[in-house]
Amino acid sequence: MRIMITLFVTLSLGGCLVNNDVRMSSEHAQFIDKVGVISVLDEYANIHYAAQEPKDIIDRQALIDGWDINRAVGEHIVQRLTQKGFNARVLDVDVNDLTPYDNSWARPKTEMLHPRLYEIGEAAGVDMLVVIYRQRVSEFISGSREKLRGYGVFKTHRLEPHLYAAIHVEALDVNKKFVLGNSDGEQATKLTDPSWDAGFSAGTTPIRLPFDHSGPLAAELRELIKLASLLAAQEAGLSN
């Protein structure tokens, strides 16, 4: 499996931004010409039902035929970056070369990947490397005690199903080897189409959802993920 590399810039709609640790300054930005982004998002959606009774809780993966979220996000951002005047190009990186997560619920261990990422950036001849990860966050839709990670569908016994995305973006200075900026971006929207309901059936193995990547439901989720990623990039100082 291969993933796409490019650059994230911004799109602004209603959503939730998480406080970032570092924001890239304009002083640093003036020295950046060639840029790339590595997207290591999961290729499956998460289906999570926070039931009242533990025995009724559902947490499983959902597969979408033809789904390639890293490619979709990468190609979208290449166009956006070019419009901003950066020298952007797409690189091809083996996802198996990067292992940022200990398990399916883990936060990304970004600092452990820095040595390898700097090597990738130097080999690609870029000045800045932007890495897009899934994030694990407190449930931000209804304010429950649940956790969300990556992207997918979430509901409780009181909350109707919502599509959501929780993304982390980190920008690295390849030449000077330090973190230029990082932030989380979160997005959610109410889901009214019942086509996702199959994902809430009992079971622990991945389920293949009854629609493919070209349909309106997949398109809605794809745009939500793009937006959460762009919002994170904006908060990290990668765009105005």
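This is a predicted model: local features need pLDDT of at least 70, side-chain atom pairs count only at pLDDT 80 or more; totals for chains, interfaces and linings use all residues.
**View 1. Arg 134 and Asp 42 form a salt bridge.** The N to O distance is 2.9 Å. The pair links distant parts of the chain, 92 residues apart. Arg 134 belongs to strand β8 (residues 128-134). Asp 42 sits in the loop between β3 (34-39) and β4 (45-50). Arg 134 counts as buried, because its relative accessibility of 2% falls under the 20% cut-off. Asp 42 is also buried, with a relative accessible area of 13%.

**View 2. A salt bridge joins the side chains of Asp 102 and Lys 109.** Here N and O are 2.6 Å apart. Asp 102 is exposed, because its relative accessible area of 54% is over 50%. Lys 109 is partly exposed, at 31%.

**View 3. Lys 190 meets Glu 160 in a salt bridge.** The N to O distance is 3.6 Å. Lys 190 lies in strand β12 (residues 178-190), and Glu 160 in the loop between β10 (147-156) and β11 (162-173), so the contact ties together parts 30 residues apart in sequence. Lys 190 has a relative accessible area of 47% and is partly exposed. Glu 160 is partly exposed too, at 33% relative accessibility.

**View 4. Asp 97, Arg 116 and Glu 119 belong to one network.** Salt bridges with shared partners join these residues. For context, a search of the whole structure finds 10 salt bridges.

Note on methods. Residues are numbered from 1 along each chain as its sequence is written. Side-chain values use heavy atoms; hydrogens and water are left out. A salt bridge is a side-chain nitrogen of Lys or Arg within 4 Å of a carboxyl oxygen of Asp or Glu. Helices (H or I, at least four residues) and strands (E, at least two) are DSSP runs, numbered from the N terminus. Buried means under 20% relative accessible area, exposed over 50%, partly exposed in between (1.4 Å probe, protein chains only).
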